[in-house]
Amino acid sequence: MEKSVGVKAQEGTVDNGSQEYAIRQHTTEETGVEEQVKRPWWHSIKEPGSALQIVIAAALAIAIGLSVSSTVDDIPYAAPTILEIPGALWLRALRAAVLPMIVTAMILAVQRLRELSNGGNILARWTIGYYVLTTLFAIVHSIILTSLVWRTLMTQASAESLNVEEDDKETFEERESTDIADVVVQMFESLIPINVVNALATDSLLAVLVTSIVIGYLIDGRTSYILKAVVEVEQIILKIITVLIKLAPIGVFFLILSNMFRLDVRDIGQNLGVLIGGSLVNLALHLFIVLPALFFIFTRKNPYSFWFRCSPAWMTAWGTASSAATLPLSLKVVRQAGVSNTVSKFTVPLGCLVNMDGTAIYFPICVVFLAETQGHSLSPADYVIICLLSTLASIGTTPIPSSSLVLTVMIAGSVDVEITGMYAVIIAIDWFIDRFRTMTNVSGDLFAAEIIERLSGFNDQVGHEDDADNGVQDERERGHGIV
């Protein structure tokens, strides 16, 4: 085979003596002939953890769950609880790998940014700017659709529906007592840990991310044994993730099936139907029109083919309802899509924590739902307040427990919308809508990695490096069954 003239990648490998990163050129010989082999679309059904297996597992779970929940009047509490065990264990294992992956990814990404002087600043500015822009887009079109379409379909609920049950009063009052100012303070405080060990132990992801950035900046890559240890840890984590990805269809199946058993289709009335339908349409508009449009404008590539190539990540996001748990798979698929290693390791973990477009879309329709069901009309000024607070709340979602539900109460209170018994309806369906919100959030991160690489002009030529730097071999990637 003739060698390709072009440079495939520059690679960072830690030398035992000087600990310096060596730069090498790769040829197409190293890629292997296997990449040129075309296989039929159904071939991946035999590969553990493939996108097709995840899709089939999700479809089977939905079909079985809906048929059982719509025909059986009283499903025993133990049934979904026990069925959830395999999925819950898989999810716990995946989440356990997230924290060390964030630490290693950010340290190595910042190390590469340091070597590129101004390139690091440009990448950081474009990443933050793009995430804020897409969040504003998400909120604005959600507010426009909600105020012009979904609001007109909602009806005022009966007095009995608006009454708050005694068991829920204490919870509602506690959430109403939380002030927006407290959320702002808590959001900024969550960036700086009082105790780094405690931040690691309590999964304070934003604090861990900031700490990792600082450590990555301060480490001297030429002499540091810590950096070599970080590379070794990353290789170990990626080997663990390889096994977990192969088990993804099983985990997704049991997670979805157990939750479908809890869904009572007969309880969906007009208002609830509008809330669910409106939320899904708003999310679909952002996912299938807004984000692909931005992707095409900036990259001139087909956004839908890119999205389908990344299907293992967003399908897992839908099954787990957790952006953090999906992070390892998100990093893998954007790397396989051709995004450079440094860009993907910087933008995707950061987006996992602050780029919550799906959550931002959901806030306005929830507040309008609470207002319309009690006959409360919102003014244009109220919608402006909702827009601003939703932007802030979506960024502050991650570090706050039960954040989307708590922040919905605070945004409603800021525009004088009383919390009634209809808030219990939002709580009841939150687990279902959350899956689609998470899928939108993760898809936004996937699109963002490619867009930001193009916007920043950041091509550090580390994007396709081998195991010595990112711990992933091409052969291992093909072995995952990710297509």
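Guide: What follows sets values against definitions.

Guide: This is a predicted model, in which local features need pLDDT of at least 70, side-chain atom pairs count only at pLDDT 80 or more, and totals for chains, interfaces and linings use all residues. Residues are numbered from 1 along each chain as its sequence is written, and side-chain values use heavy atoms, with hydrogens and water left out.

Visitor: How many helices and strands are there in the protein?

Guide: The protein has 21 helices and zero strands. Helices (H or I, at least four residues) and strands (E, at least two) are DSSP runs, numbered from the N terminus.

Visitor: What should the 14 residues of helix α8 span?

Guide: The expected span is 1.5 Å times one less than the number of residues. For helix α8 (residues 205-218) that should be 20 Å, and its end C-alpha atoms are 20 Å apart, so the two agree.

Visitor: Why is glutamate 234 called buried?

Guide: Buried means under 20% relative accessible area, exposed means over 50%, and partly exposed is in between (1.4 Å probe, protein chains only). Glutamate 234 has 4% relative accessibility, so it counts as buried. Lysine 345, with a relative accessible area of 5%, is therefore buried too.

Visitor: What makes glutamate 234 and lysine 345 a salt bridge?

Guide: The term requires a side-chain nitrogen of Lys or Arg within 4 Å of a carboxyl oxygen of Asp or Glu. The side chains of glutamate 234 and lysine 345 meet at 2.4 Å, N to O. This pair links distant parts of the chain: glutamate 234 is in helix α9, lysine 345 is in helix α15 (residues 341-354), and they are 111 residues apart.

Visitor: How many salt bridges does a search of the whole structure find?

Guide: The search finds three. Another one joins the side chains of glutamate 450 and lysine 301 at 2.6 Å, N to O. Glutamate 450 lies in helix α19 and lysine 301 in the loop between α11 (270-299) and α12 (303-309), so the pair ties together parts 149 residues apart in sequence. Glutamate 450 is at 4% relative accessibility, so it counts as buried. Lysine 301 is at 36%, so it counts as partly exposed.

Visitor: What separates aspartate 434 and arginine 437 in helix α19?

Guide: They are three residues apart in helix α19, so about one helical turn separates them. Aspartate 434 is buried, as is arginine 437.

Visitor: What makes a nonpolar core?

Guide: It is a set of buried Ala, Val, Leu, Ile, Met, Phe, Trp, Tyr and Cys residues joined through side-chain atoms within 4.5 Å. The largest nonpolar core has 119 residues. Helix α19 (residues 423-456) gives the most to this core, with 14 residues. Apart from it lies another core of six residues, among them Ile107 and Leu227.

Visitor: Why is isoleucine 144 called partly exposed?

Guide: Its relative accessible area is 44%, so isoleucine 144 is partly exposed. Isoleucine 144 lies in helix α3 (residues 118-153).

Visitor: Why is valine 243 called partly exposed?

Guide: Its relative accessible area is 49%, so valine 243 is partly exposed. Valine 243 is found in helix α9 (residues 225-246). Its C-alpha atom is separated by 9.3 Å from that of proline 48, 195 residues apart along the chain.
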